[in-house]
Amino acid sequence: MSPFKISHVWALALILLIPSVAEAHLLTGEGGGFLHGFEHPLSGLDHMLAMFCVGVWGAQMGGRSVWSMPIAFPLIMVAGGVLGIAGVPLPAVESGIALSIVVLGLAIALLWRPPEWLALVVIGVFAIFHGYAHGAELPNATDPADYAFGFVVATGLIHLAGIAVGLGFLKVQKGQLARALGGVIGLGGIYFLVS
């Protein structure tokens, strides 16, 4: 299946989710439900950049990585969320998140194409940190299941945006634009790492 068709499958899957999203408990208050979970990945530039990079890098690697990396990230992120909910200690969470932006940005900039299993391990490690950060906030949520569903849906949409940009940029100047974008994002990760 071509990457273009894969992006259409993702878009169709998300459109099919709209009725269930409409039925979700849209709770208000500090913890909230679906909407608060959905907003969370979109409200932090560090989270958004890393998730966007997963989509761009998957598109850049091509083949099964176009879909396997963006699917694996939120699934592993849920496991990290469970660790956060359980209060399992995980040191340097914010540094791990910042480092994810640096590494993923550089992977794009350097056109790194490791074996798919290694790319999945790399994003899996970072997904644990991102999920942990979300999960540590879940105990305060009014409806943790809706909150978790919201942030997984938002993460998927960010991955889709990354895939679309990655596939679009592959043809522009032989992928140089995508590599430049990765470099800029990697530099942004260094900012998050030192601040």
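Reply: Arginine 64 and glutamate 116 form a salt bridge, with 2.7 Å between the closest N and O atoms. The term means a side-chain nitrogen of Lys or Arg within 4 Å of a carboxyl oxygen of Asp or Glu. By this rule the count is 1 salt bridge. The pair links distant parts of the chain, 52 residues apart. Arginine 64 sits in the loop between helix 3 and helix 4 (65–86), while glutamate 116 is in helix 6.

First, the ground rules. This is a predicted model: local features need pLDDT of at least 70, side-chain atom pairs count only at pLDDT 80 or more, and totals for chains, interfaces and linings use all residues. Residues are numbered from 1 along each chain as its sequence is written, and side-chain values use heavy atoms, leaving out hydrogens and water.

The two partners differ in cover. Buried means under 20% relative accessible area, exposed means over 50%, and partly exposed lies in between (1.4 Å probe, protein chains only). Arginine 64 counts as exposed because its relative accessible area is 53%. Glutamate 116 counts as buried because its value is 19%.

Now move from helix 6 to helix 5. Helices (H or I, at least four residues) and strands (E, at least two) are DSSP runs, numbered from the N terminus. Helix 6 (116–135) is among the elements that cover the buried residues of helix 5, as are helix 3 (45–61) and helix 8. Helix 5 (residues 93–109) is mostly covered: 12 of its 17 residues are buried. Among them are Gly96, Ser100, Leu104 and Ile108. From first C-alpha to last, helix 5 reaches 24 Å, close to the 24 Å expected at 1.5 Å a residue. That expected span is 1.5 Å times one less than the number of residues. After helix 5 comes leucine 111, with a positive phi near 55°.

Leucine 104 deserves a stop. Not counting residues up to four places away in sequence, leucine 104 touches Ala50, Cys53, Val54, Trp57, Ile123 and Phe126. Contact here means heavy atoms within 4.5 Å.

Leucine 104 also belongs to the largest nonpolar core, which has 26 residues. Such a core is a set of buried Ala, Val, Leu, Ile, Met, Phe, Trp, Tyr and Cys residues joined through side-chain atoms within 4.5 Å. Trp57, Met69, Phe73, Leu104 and Ile123 have the most contacts inside the largest one. Helices 3, 4, 5, 6 and 7 each give it two or more residues. Helix 3 supplies the largest share, 9 residues. A second, separate core of 5 residues includes Val93, Ile97, Tyr132 and Ala133.

Threonine 155 counts as buried because its relative accessibility is 0%. Leaving aside neighbours within four places in sequence, threonine 155 contacts Pro41, Met51, Phe73, Pro74 and Met77.

Last, step back. The protein has 8 helices and 0 strands. Buried residues make up 46% of its 195 residues. Of the contacts with a separation of 6 or more, 82% join residues 24 or more positions apart.
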